[in-house]
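Visitor: I have not looked at this structure before, and I would like to learn how to read its features one at a time. Could we begin with pairs of charged side chains?

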Amino acid sequence: MSHLQLDQAEILIDLAQQKLYLPKYNKQYLISTGKNGIGEAENSGKTPRGWHKVAEKFGQQIPLNSVFIARQATGEIYNAELAQQFPQRDWILSRILWLSGLEEGFNQGEGCDTYQRYIYIHGTPDSEPMGIAMSHGCIRMRNTDVAELFELVNEDALVYISEQPLNLTV
């Protein structure tokens, strides 16, 4: 994948600054990535690096704060009562963009496969902080932000996840 250039990415994710950029639309969003840090290993809870694509999208036309389990909307809408009822749940809300690694042996394949690790860009409760790493490896976004992102990018959109600060201005 070394033939890809950063300017080909539709989505740029800056792990150092906890930001997601959409250069084509001059947009940036605060995000929250893996609290266990950066890495590609299966079951690590870390956010993978490198070139990815949006493999599948879930959540078209459903209400914001809709709850997903195993990529299926449950019909529940997240609220404080639900949060108290299920305190251990890793809330996946509103929209899901499921990522697939494009670099064989790095973020694709045995023991390091982003897709098999179920790494998503997804919504999270508005009470969760952004700008600091708190997820189980996914890229969390505010619900309104992930809904906007969902509308602006198609499946197969190229995604680059950088460990180094990108220092982009939009």
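Guide: In this predicted model, the side chains of K53 and D156 meet in a salt bridge, with N and O 3.5 Å apart. K53 belongs to strand β4 (residues 50–58), while D156 sits in the loop between α2 (143–152) and β10 (158–162), so the pair ties together parts that are 103 residues apart in sequence.

Visitor: Is K53 buried, exposed or partly exposed, and which value tells me so?

Guide: The idea is to look at relative accessible area, where under 20% means buried and over 50% means exposed, with partly exposed in between. K53 counts as partly exposed because its relative accessibility is 26%.

Visitor: How many salt bridges does the rule give in total, and which residues are linked in a network of them?

Guide: The count comes to seven salt bridges, and E40, R49 and E163 are the residues linked in a network.

Visitor: Which residue forms a salt bridge with E128, and where do the two partners lie?

Guide: The partner of E128 is R140, and their closest N and O atoms are 3.3 Å apart. E128 lies in the loop between β8 (120–123) and β9 (139–141), and R140 lies in strand β9, so this pair ties together parts that are twelve residues apart in sequence. With a relative accessible area of 25%, E128 is partly exposed, while R140, at 6%, counts as buried.

Visitor: How should I read the charges of the chain as a whole, and how far apart are the mean positions of the positive and negative ones?

Guide: One way is to take the mean position of each kind of charge and compare the two places. For the protein chain, the mean positions of the 14 positive and 21 negative charges are 4 Å apart.

Visitor: Which pattern of helices and strands does the chain follow, and what does its radius of gyration say about the overall form?

Guide: The protein chain has two helices and ten strands, and along the sequence these follow the pattern β-β-β-β-β-β-α-β-β-β-α-β. A compact globule of 170 residues would have a radius of gyration near 15 Å, and the protein chain agrees because its value is 15 Å. Along its principal axes, the C-alpha trace spans about 50 × 35 × 25 Å.

Visitor: What share of the residues is buried, and what share of the contacts joins residues at least 24 apart?

Guide: Of the 170 residues of the protein chain, 48% count as buried. Among contacts between residues at least 6 apart in sequence, 67% join residues at least 24 apart.

How values were computed: Residues are numbered from 1 along each chain as its sequence is written. This is a predicted model: local features need pLDDT of at least 70, side-chain atom pairs count only at pLDDT 80 or more; totals for chains, interfaces and linings use all residues. Side-chain values use heavy atoms; hydrogens and water are left out. Helices (H or I, at least four residues) and strands (E, at least two) are DSSP runs, numbered from the N terminus. The radius of gyration is taken over C-alpha atoms; the globule rule is 2.2 Å times the number of residues to the power 0.38. Buried means under 20% relative accessible area, exposed over 50%, partly exposed in between (1.4 Å probe, protein chains only). Contact means heavy atoms within 4.5 Å. Lys and Arg count as positive and Asp and Glu as negative; His and the chain ends are not counted. The place of a charge is taken as NZ of Lys, CZ of Arg, CG of Asp or CD of Glu. A salt bridge is a side-chain nitrogen of Lys or Arg within 4 Å of a carboxyl oxygen of Asp or Glu.
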